[in-house]
Amino acid sequence: MTANTIDQLTEELERDPDREQIAQEIQALRSIYSGDDAVRIWKPEHDSSARLPKDTIRLDVRTALSPPHEEVLFRLLVSLPATYPASSPPQLQILSRYIGSFQVDSTLFGAALKTYISSGRVRFVPGEVAIFDGVENLREVIQQWYEDRLNATAAADLQREDERAHAHAQAVATQEEEIPSQIQALHSSLSAAPSELPDGLQIWVSDPVVDRKSTFIGRACRITHPTQVPLILSYLMEDRSTAKATHPVINAWRCEVDEVLYQDNDDDGETAAGGRLAHLLQILELKNVLVVVTRWFGGIHLQGDRFRHINAVARAALDTGGFLDVPEETRRKGRTGAKGKTKP
């Protein structure tokens, strides 16, 4: 064959009565695999014409996988011996080195070579054209090979994600087990020993609110670890006046350690009061803070007003300590009558 283009090739074949059938098949392939140069004469990168059998036709067919992977393109080499289709089938080879992001392996390459000779693939009938059937069959094989690798990659990614999630969950669980046990150990030890305010901690105190002989005072303290909470509460209970209060340490706290948020609250006998303080910290989006309210009961029930006063003195203590993003000058001066208390 002397043709340099696919059009020249079909013209030469049409002039040969014995090979006119091949020309018609090539024209059909060009119609099916539409696009620029979807079917063209294959030209080797290096001159190997001396090694090619005489009158062998080699076609470079460019097509894609079926939906949903129609964007994945590949190239096939279709070799037609001089005895095709009278007695010999075509031979298919994969020219693409990669299908999508996966490198073509020997298994897939071998499957292409066996298109017309493997059981269950394409049955070649002498005298009948068979290029289209072979290309379509090989497309199905390539598609299955590609999807198997996609699934294997997704499964591997999922397994790695599960392993990371499991490792993170174990780390969090271990930490969640350790911190409460540390707090419990501190509670036990504090009952037998006098407490001290840990170095560097400062307690901010609100103005008292008095209503019908009941008095409310709020306190706020910045914390860096949940284990500081029982130390601070024990320290406050060392004050005789606080210890004699009806509800001395109604409290709530939130603290983040290694990107894990810990939080808790205690009503200290004032039903639902601790939960109200916890809600206050949550809506204010505060972390690393302990807020404590002390109530001295005056003998007159205040009904819902008691919760309003508890929230008010807690918020005032947070404001005094600068937790509500007040200007530095306001934080230093505090509210009238408020005071900061720190261990020297």
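## Exercises on a predicted model

Ala 252 stands opposite Asn 265 in β11. This is a predicted model, in which local features need pLDDT of at least 70 and side-chain atom pairs count only at pLDDT 80 or more, while totals for chains, interfaces and linings use all residues. Residues are numbered from 1 along each chain as its sequence is written, and side-chain values use heavy atoms, with hydrogens and water left out.

**Exercise 1.** Determine how strands β10 and β11 are joined.

*Solution.* 
Step 1. Strand β10 covers residues 247–257 and strand β11 covers residues 260–266; strands are DSSP runs of E with at least two residues, helices are runs of H or I with at least four, and both are numbered from the N terminus.
Step 2. The two strands run antiparallel and are joined by seven bridges; pairing requires that DSSP finds at least two bridges.
Step 3. Two residues lie between the strands of this hairpin, where Asp 258 takes a positive phi near 55°.

**Exercise 2.** Describe the surroundings of Thr 115.

*Solution.* 
Step 1. Thr 115 is located in the loop between α3 (106–113) and α4 (131–190).
Step 2. Its relative accessible area is 0%. Thr 115 is therefore buried, a term for under 20% relative accessible area, with exposed meaning over 50% and partly exposed in between (1.4 Å probe, protein chains only).
Step 3. Neighbours within four places in sequence are set aside; Thr 115 is then in contact (heavy atoms within 4.5 Å) with Leu 92, Arg 121, Val 122, Gly 134, Asn 137 and Leu 138.
Step 4. With Arg 121 there is a polar contact between side chains, at 3.3 Å. Such a contact is a pair of N or O atoms within 3.5 Å, one able to donate a hydrogen and the other to accept it.
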